[in-house]
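Here are my notes on this one, written as numbered points. Have the model open while you read.

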Amino acid sequence: MRLITRIDGLPPHLRAGIRPEEAAYLARLKAQGILPFGVTPHFASLAGAEQGDPIRRQFFPSPKEADKDPAALSDPLGERAHQKAPRLIHQYRDRALIRASSRCAGYCRYCFRRIWTRPGRGFILPAEFPPILRYLGSRPEITEALISGGDPLTAPDAALDTLFRALRRARPDLRLRVCTRVPVTCPQRLSPGLIQLLKDHKPLRMAVHINHSRELSRETRDVLGACAGAGIPVLTQTVLLRGVNDDAETLARLFDACLAAGLSLYYLFQLDLAPGTGHFRVDLMEGLRLYEQLERGGAALPVYAVDLPGGGGKIRLCRDAIAGIQGGAYLLKGPGGRLYPYPAPPAGVLSASCGERVCSFSHNPEGCASAEFANVRAQRRKPLVGGLGELVPPNSSQRGAKRR
Ligand code: SF4
């Protein structure tokens, strides 16, 4: 799968729009070896030249990635604590995740697995299967294996087939879920042969990461239609991203386009706290307001969810999920009444959430006159679930696996 990894490989209109500070940052990025720059020719062809173009923002590195972000976590989902074998994460009771590949068909600048995601490690080898198969064989409560990465569909068909067959042999009842962005970034990869292979390993469904209606190109719609025609259910996963899809109209257009393409809306995710991604973060209250606006419109929507920072698992985001605010962070209610901090905007920052020009809500919610925060104020007056002693610091581990 060909990736453009240098400025001179980009289409002329994108090349011409690159600013000197961006070019300088790209050179530094290469030297640091963090999340590399890489984009498929197909995805690059969907982008406009302006810095604010929602497709360009997703793949072209911004110097803002180097900004200090005190909220950032090296392991934003706390996956390390749930690792049961190399490449195997078991966090939720009935499903496990296999990091089958570290490669992607282009590198999203907001990637939450950026520590893992890079071309180097490649696709899982048969020699790495045994501990994974042993674990899955000993845990009948696991009913679905998420084949993730990176992006597993960057691997050759034969390697995918070998992995799927091994999983089936170990656990004939296991459902497979292929988590991928390839149908969006490189639809040509979904050849009739690959679609047949996926069909041969049913029960299998695909979760496609898609953030903007412009990503549903004709080629992408064609291959996703072919998957549906082969009886492969396709779910969507969208990340709420500043400057990409953080307005109701853009999200509504995306969800409409997904439904029209026959996809099932699944998750809209609040951004995880990965380093270098703060400029993509949408304030959580602003995200809720957007979601409620869409709900009022009566449209079909995915579930708005957040992975609790540091390993608390996914929760559905709604106002009741916020227990209060402390030290510049929303306190999110996790399993067992534990509280997980997620950054709130600093005092004095313009808040689109409550419409106040200058909002000091994050430090003084009681003083905020906006009805928007009535629920949060009410929550503050009640004793917090479990008390603040239950506040879970980032990266603290959770005991046991949880059901989503
Ligand atoms: S496709 Fe997924 S794993 Fe790969 S860079 Fe994008 S967000 Fe990260």
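**Notes on the model**

1. Helices here (H or I, at least four residues) and strands (E, at least two) are DSSP runs, numbered from the N terminus. Before going on, two caveats. This is a predicted model, in which local features need pLDDT of at least 70 and side-chain atom pairs count only at pLDDT 80 or more, while totals for chains, interfaces and linings use all residues. Residues are numbered from 1 along each chain as its sequence is written.

2. Helix 2 itself (residues 20-32) has end C-alpha atoms 19 Å apart, which agrees with the 18 Å that its 13 residues should span at 1.5 Å a residue. The expected span is 1.5 Å times one less than the number of residues. Buried is used here for 20 or more other C-beta atoms within 10 Å of a residue's own, exposed for 12 or fewer, and partly exposed for anything in between, with C-beta atoms placed from the backbone.

3. Now the largest nonpolar core, which has 89 residues; Tyr330 and Leu332 touch the most other members. Such a core is a set of buried Ala, Val, Leu, Ile, Met, Phe, Trp, Tyr and Cys residues joined through C-beta atoms within 7 Å. Helix 11 (residues 284-296) supplies the largest share, six residues. Domain 1 (7-66) and domain 2 (79-346 + 381-390) both contribute residues, so the core lies between them. The domain bounds come from an automatic or database domain assignment.

4. What does Tyr330 contact, leaving aside its neighbours within four places in sequence? Leu284, Ile322, Ile325, Tyr342 and Ala344. Contact means that the C-beta atoms of two residues, placed from the backbone, lie within 7 Å.

5. The ligand shell is worth a look. Cys104, Tyr107, Cys108, Cys111, Arg113, Thr117, Gly149, Gly150, Asp151, Arg181 and His209 surround the ligand, each with its C-beta atom, placed from the backbone, within 6 Å of it. By class, four are nonpolar, four polar and three charged. Ala, Val, Leu, Ile, Met, Phe, Trp, Tyr, Cys and Pro count as nonpolar, Asp, Glu, Lys and Arg as charged, and the others, Gly among them, as polar.

6. From that shell, take Asp151, in the loop between strand 4 and helix 6. Asp151 is buried, with 27 other C-beta atoms within 10 Å. Ala100 is 51 residues away from Asp151 in sequence but 7.7 Å away in space, C-alpha to C-alpha. Not counting residues up to four places away, Asp151 touches Ser101, Arg103, Cys104, Ala105, Thr180, Arg181 and Val182.

7. Please check two peptide bonds. Gly149 to Gly150 is cis, with omega near 5°, and Gly150 sits in the loop between strand 4 (144-148) and helix 6 (157-170). Lys202 to Pro203 is cis too, with omega near 10°; Pro203 is in the loop between helix 8 (192-200) and strand 6 (204-209).

8. Last, Arg87. This residue is not a glycine, yet has a positive phi of about 75°. Arg87 lies in the loop between strand 1 (83-85) and strand 2 (88-92), and is buried, with 21 other C-beta atoms within 10 Å.
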